[in-house]
Amino acid sequence: MAWFKRARKPITATKQKASRVPEGLWVKCSGCAQVIYNKDLATNLNVCPKCGYHFRIGAMERLRLLFDEGRFTEYDRGLVSRDPLKFADTKPYRARLESSIEATGLKDAVVTASGRIDGIEASVAAMEYSFIGGSMGVVVGEKITRAIERGIDQRCPVVIVCSSGGARMMEGALSLMQMAKVSGALARLAQQRLAYIAVLTDPTTGGVTASFAMLGDLIIAEPRALIGFAGPRVIEQTIKQKLPEGFQRAEFLLEKGMVDLVIDRREMKSAIAKALRFMGSAPHELASTAAGASVVPEATPQL
């Protein structure tokens with residue numbers, strides 16, 4: 001009965017041909033699933049040209065977009081956490097810091113700088129979400145406080161770009177104290193009648209939302225940014241109710257009056273400049289002339 005049997009060749013995996021397209025040239029939009037060429041995305045300020053989805057960007061890139069010609073002077077670059085509690089969970093906090101420093105090239109989750117926004121001298125702090133979730137520890141609080149005090153000393157407005165998961169609990173109560181510390185500095189800024197604009201990006205949550213993110217004279221958010229204190233799942237489990245569609249997104253909060261404006265990233269710089277002029281901040285040359293002082297050349301960037 002050998003004729004009933006069929007000799008079958010074993011199935012073997014075929015060797016895949018190496019792709020001639022280098023990796024990293026294309027990215028898929030999380031909003032509309034459109035495949036976008038990386039250079040086109042960068043040209044469009046990391047905003048999807050089809051649906052307007054805003055990709056997350058780093059602190060340095062944020063500063064380059066805001067300041068004229070991408071030029072600015074960075075401050076307090078060497079500040080780094082000393083791990084005051086010697087904290088360890090699945091791995092030591094010190095190891096988390098070292099890996100984040102190596103991955104981002106930054107010492108902590110915020111970059112502070114000064115420069116001109118459409119000719120207006122400003123002190124700006126931009127948070128870096130890729131550094132331990134943009135969490136606010138002692139260094140973040142100190143650098144932002146110094147940026148605010150620099151604004152007071154130089155009589156210029158302050159802009160803080162928020163992107164954070166909240167307070168860094170690896171530093172315990174010391175991280176929570178930064179909420180009061182930064183808020184106190186902003187109160188001194190307000191006493192000097194100097195403007196403060198808060199820019200909320202995706203995500204802005206926890207202790208940052210509960211402090212300086214909500215204290216701006218003007219609160220601007222990027223489209224579809226997640227903004228809140230506790231997460232949606234925690235809130236649903238607490239109140240035992242289904243949350244409305246778009247809850248904690250920028251457009252929903254604009255409708256409820258929690259933020260003042262929702263501005264596309266491509267228009268953010270001009271919107272901030274217009275707001276600062278409305279609040280009384282003049283371009284550097286005009287301010288110097290009005291004070292009877294000579295115009296000071298722009299400082300060389302320390303990058």
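I call a residue buried under 20% relative accessible area, exposed over 50%, and partly exposed in between, with a 1.4 Å probe and protein chains only.

**Entry 1: the model.** I am looking at a predicted model, where local features need pLDDT of at least 70, side-chain atom pairs count only at pLDDT 80 or more, and totals for chains, interfaces and linings use all residues. Residues are numbered from 1 along each chain as its sequence is written, and side-chain values use heavy atoms, with hydrogens and water left out.

**Entry 2: the whole chain.** I looked up the secondary structure and found 10 helices and 9 strands. Helices (H or I, at least four residues) and strands (E, at least two) are DSSP runs, numbered from the N terminus. The chain has 303 residues, and 43% of them are buried. Its exposed surface comes to about 16900 Å², with 55% supplied by carbon and sulfur atoms; the areas come from the Shrake-Rupley method with a 1.4 Å probe, and for residues only the protein chains shown count as cover. I then turned to contacts, meaning heavy atoms within 4.5 Å. Of the contacts in the chain with a separation of 6 or more, 67% are between residues 24 or more positions apart.

**Entry 3: two serines.** I found Ser81 in the loop between strand S3 (73-75) and helix H3 (93-104). Ser81 counts as buried because its relative accessible area is 5%. Its side chain makes a polar contact of 3.0 Å with the side chain of Glu171. A polar contact is a pair of N or O atoms within 3.5 Å; within protein, one must be able to donate a hydrogen and the other to accept it, and residues adjacent in sequence count only if both atoms are side-chain atoms. Beyond four places in sequence, Ser81 touches residues including Tyr93, Arg94 and Leu97.

I found Ser135 in the loop between strand S5 (120-127) and helix H4 (138-154). Ser135 is buried because its relative accessibility is 6%. The side chains of Ser135 and Arg168 form a polar contact of 2.8 Å. Arg168 is also among the contacts of Ser135 beyond four places in sequence, along with Ala109, Val140, Ser164, Gly166 and Ala167.

**Entry 4: the second largest pocket.** I noted a space of about 290 Å³ in this pocket. On a 1 Å grid over the protein atoms alone, a pocket is an open set of points where a 1.4 Å probe fits, with protein on both sides within 12 Å along at least five of seven lines; lining residues have an atom within 4 Å of a point. The lining has 23 residues, and those nearest the centre are His54, Phe55, Arg56, Ile57 and Asp202. Helix H2 (59-66), S5, strand S6 (158-164) and strand S7 (196-204) each give at least two residues to the lining.

**Entry 5: backbone.** I looked at Asp202 again and found a cis peptide bond from Asp202 to Pro203, with omega near -10°. Pro203 lies in strand S7.

Arg224, not a glycine, has a positive phi of about 65°. I placed Arg224 in the loop between strand S8 (218-221) and helix H7 (232-239). Arg224 is partly exposed because its relative accessibility is 48%.

Lys240, also not a glycine, has a positive phi of about 60°. Lys240 sits in the loop between H7 and helix H8 (250-255). Lys240 counts as exposed because its relative accessible area is 69%.

Conventions. Points joined across faces, edges and corners; volume = space filled by probe spheres on them.
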